[in-house]
Amino acid sequence: MSEPLVVIGNGMAAARFADELSKRALGRYAIAVVGEEPRLAYNRVLLSSVLAGEVASSDIELKSRDWWHDRGITLRYGCRATGIDTSARTVTLADGASLTFSKLVFATGSQPIRPAIPGMDLPGVITFRDINDIWTIWHRAGSGDRVVVIGGGLLGLEAAYGLAKAGARVTVLHLMDRLMERQLDAHAAAMLRRAVEAMGIEVILNADTAEIVGQNRPEAVLLKDGRTIETDVVVVAIGIRPSADLARASGVVVNRGIVVDDAMETNVAGVHAIGECAEHRGICYGLVEPAHDQARVLAERLSGRDARYLGSVLATNLKVSGVNVFSAGDFLRQETDEIVLRDPGIGVYKKFVIADDRLVGAVLFGDTADGPWYLDLIRSGASIDAIRNDLAFGRPAAKSAPHVPLAA
Ligand SMILES: Cc1cc2nc3c(=O)[nH]c(=O)nc-3n(C[C@H](O)[C@H](O)[C@H](O)COP(=O)(O)OP(=O)(O)OC[C@H]3O[C@@H](n4cnc5c(N)ncnc54)[C@H](O)[C@@H]3O)c2cc1C
């Protein structure tokens, strides 16, 4: 008889895990996926493109209804898991149903952080995490409306771009002294700011929000330094925190995220976590690639093979059309060599951080075509000694070097 396996969360990690597991051990488990969102799993990464009107919301489904059905997976979506008894091995759902499990996988993702400031609960103060948020944004922010986006990171800028494209008058407020400070150095961030402003988006740095002022909707955002920005809508994109309350309440160890070992297993045997809700070696990843890696490792293990997750090298691309930004690895590490290529005339900036003859970080602005190749170089840990002179000019220039992996 198949072992009952319950996955909590119907997001990107859950969909990848179901795919990887059914490829390896179809029939070994009776899989049930419980999801709070009332729809099939979709590609959350593409929400920015949906907001910008570049992709239809109907086109971002990850797997068809038939796909899930054909693999014998029971979908309980539109239903929140509310309780877990790790001794009785049961999950309770919001509709009162109870599911028995032998193996349990948390894939509950993250929630947007909402700062504890007055006015956050006003209608028209919106976060940017799921399809519902997009519909709310569309409903509230039309052409000509004023929108303040709080947060000048990847998500905030993608939201600002989508809104500006729809005709809204957008101001981005960012707490730090440069945009995307976790992905970009000061030079690239300054170039990004100019590119964003050229789209008609106002950027205010060092902007610490004190309050959102309004009666039944936002009317202004008040900064701690006394400045006031009038607005009709506020989009909050200041970061995420892992959705781990359910795990914590059931006795699973939670730090920032649900703590897992290299086998993606928690402190409770047979209880696992993958994706943004998981904390591995002290890191909660906020990107999809680590979630996919973790899903694959867990699928390997649950199909009886030995596999370990050792961590991921992060890379990010900004999805703003016409503004090419790529960042990977550790580009702020001290006591390293740096190769910098800068041509403000054509809007190109490239910085490479090298330690012990290995590429450990890269920031690209303007020309990002070779981003995946640089990422492969970082991940491989290969010596770049033979191509050091040509490194900044990209893969074609380095092609003749024999000892370096040249990814397709
Ligand atoms: C607008 C946007 C753009 C992004 N762009 C990028 C990008 O360019 N590159 C990149 O790498 N990453 C990007 N990301 C991040 C990426 O989407 C996430 O890393 C990825 O979705 C993580 O997958 P996950 O399954 O862990 O979480 P999610 O996809 O969030 O799925 C978790 C699911 O669990 C459900 N859930 C939570 N609690 C419960 C419960 N108790 N019961 C039932 N269901 C529950 C949630 O409702 C949710 O559907 C972006 C995210 C957003 C929002």
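In the predicted model, Arg-76 is partly exposed, with a relative accessible area of 26%. The side chain of Arg-76 meets that of Asp-95 in a salt bridge, with an N to O distance of 3.5 Å. Arg-76 belongs to strand β3 (residues 74–77), whereas Asp-95 lies in the loop between β5 (90–93) and β6 (98–100), so the pair ties together parts that are 19 residues apart in sequence.

A second salt bridge joins Asp-232 and Arg-146, at 3.1 Å from N to O. This pair links distant parts of the chain, 86 residues apart: Asp-232 is in the loop between β15 (228–230) and β16 (233–236), and Arg-146 is in strand β10 (residues 146–150). Asp-232 counts as buried because its relative accessibility is 18%, under the 20% limit. Arg-146, by contrast, is partly exposed, with a relative accessible area of 23%. Over the whole structure, the search finds 29 salt bridges.

Glu-300 forms a salt bridge with Arg-24, and their closest N and O atoms are 3.3 Å apart. Glu-300 is in helix α8 and Arg-24 in helix α1, so that distant parts of the chain, 276 residues apart, are linked. Glu-300 is buried, with a relative accessible area of 17%, while Arg-24 is partly exposed at 24%. The pair is part of a network of salt bridges that links Arg-16, Glu-20, Arg-24 and Glu-300.

The packing of the two helices was examined next. The axes of α1 (residues 12–25) and α8 (residues 288–302) come within 8 Å and cross at roughly 35 degrees, and the crossing is right-handed. On the α1 side, the contact is made by Met-12, Ala-13, Arg-16, Phe-17, Glu-20, Leu-21 and Arg-24. These residues meet a set in α8 that includes Val-288, Ala-291, His-292, Ala-295, Arg-296 and Glu-300. The residues of the contact divide into 10 nonpolar, one polar and five charged.

The cysteines were considered last. A disulfide is a covalent bond between the sulfur atoms of two cysteines. The count of disulfides in the model comes to zero. The sulfur of Cys-277 has its closest cysteine sulfur in Cys-284, at 8.9 Å, which is too far for a bond, because a disulfide requires the two sulfur atoms to be within 2.5 Å. The closest cysteine sulfur to that of Cys-284 is, in turn, the one in Cys-277. Cys-277 is buried, with a relative accessible area of 0%.

Notes. Residues are numbered from 1 along each chain as its sequence is written. This is a predicted model: local features need pLDDT of at least 70, side-chain atom pairs count only at pLDDT 80 or more; totals for chains, interfaces and linings use all residues. Side-chain values use heavy atoms; hydrogens and water are left out. Buried means under 20% relative accessible area, exposed over 50%, partly exposed in between (1.4 Å probe, protein chains only). Axes are lines fitted to C-alpha atoms, for helices over the stretch in contact, and angles run from 0 to 180 degrees between N-to-C directions. Helices (H or I, at least four residues) and strands (E, at least two) are DSSP runs, numbered from the N terminus. A crossing is left-handed if the near helix is turned anticlockwise from the far one by less than a right angle, and right-handed if clockwise. Contact means heavy atoms within 4.5 Å. Ala, Val, Leu, Ile, Met, Phe, Trp, Tyr, Cys and Pro count as nonpolar, Asp, Glu, Lys and Arg as charged, and the others, Gly among them, as polar. A salt bridge is a side-chain nitrogen of Lys or Arg within 4 Å of a carboxyl oxygen of Asp or Glu.
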